[in-house]
Amino acid sequence: MAIELRLVVMEDTPRIHRVIKNNAKRLKRYLPKTAKAGQSMHTAKRFVEEKIREAAHRRLFCFVIITEQQEIIGNVTLKNLDWSVPKGELSYFIDQDHLRKGYTSTAVAWVVKHAFEKLSLEKLY
């Protein structure tokens with residue numbers, strides 16, 4: 001099981017739309033803004049644009065989880081960043097067909113390491 005993590009880009013929009021749409025019921029309760037991105041290709045595009053814009057301003061970083069087959073199966077997001085501390089929060093989701101296969105654990109571990117070593121965060125929640 002090898003995965004790639006990287007910041008979301010506009011070219012990811014169709015794959016983001018698909019994975020969110022396929023998991024909308026699960027996402028609605030805990031990640032309602034993410035769930036809305038699955039409503040249409042237009043809402044998915046706006047979602048991706050917002051994540052890119054927020055990353056450019058260092059307010060949020062949305063990392064997509066990509067399989068060896070180049071399928072986006074979820075994301076891990078660093079959000080609510082407070083650079084004065086510096087701290088942030090993690091949120092994540094994985095496609096229901098990829099649960100309990102170690103993808104989420106691997107992805108979260110990578111983002112935590114990235115947050116502490118590359119972004120110099122001191123606290124994560």
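User: In which sense do β4 and strand β5 (residues 123-124) pair?
Analyst: This is a predicted model, in which local features need pLDDT of at least 70 and side-chain atom pairs count only at pLDDT 80 or more, while totals for chains, interfaces and linings use all residues. Residues are numbered from 1 along each chain as its sequence is written, and side-chain values use heavy atoms, without hydrogens and water. Strands are DSSP runs of E with at least two residues, numbered from the N terminus, and two of them pair if DSSP finds at least two bridges between them. K87 stands opposite K123 in β5, and the 2 bridges between β4 and β5 run in the sense called parallel.

User: Which residue in β4 is the bridge partner of V76?
Analyst: Strand β3 (residues 72-82) and strand β4 (residues 87-94) run antiparallel and are joined by 7 bridges. The two strands form a hairpin, with 4 residues between them. In β4, the residue that partners V76 is Y92.

User: Which element gives the most to the lining of the largest pocket?
Analyst: A pocket is an open set of points on a 1 Å grid over the protein atoms alone, where a 1.4 Å probe fits and protein lies on both sides within 12 Å along at least five of seven lines; lining residues have an atom within 4 Å of a point. The largest pocket holds about 300 Å³, and of its 17 lining residues, L31, K33, T34, K51 and K79 are the closest to its centre. With 4 residues, the element that gives the most to this lining is β3.

Notes: Grid points are joined across faces, edges and corners, and a volume is the space filled by probe spheres set on the points.
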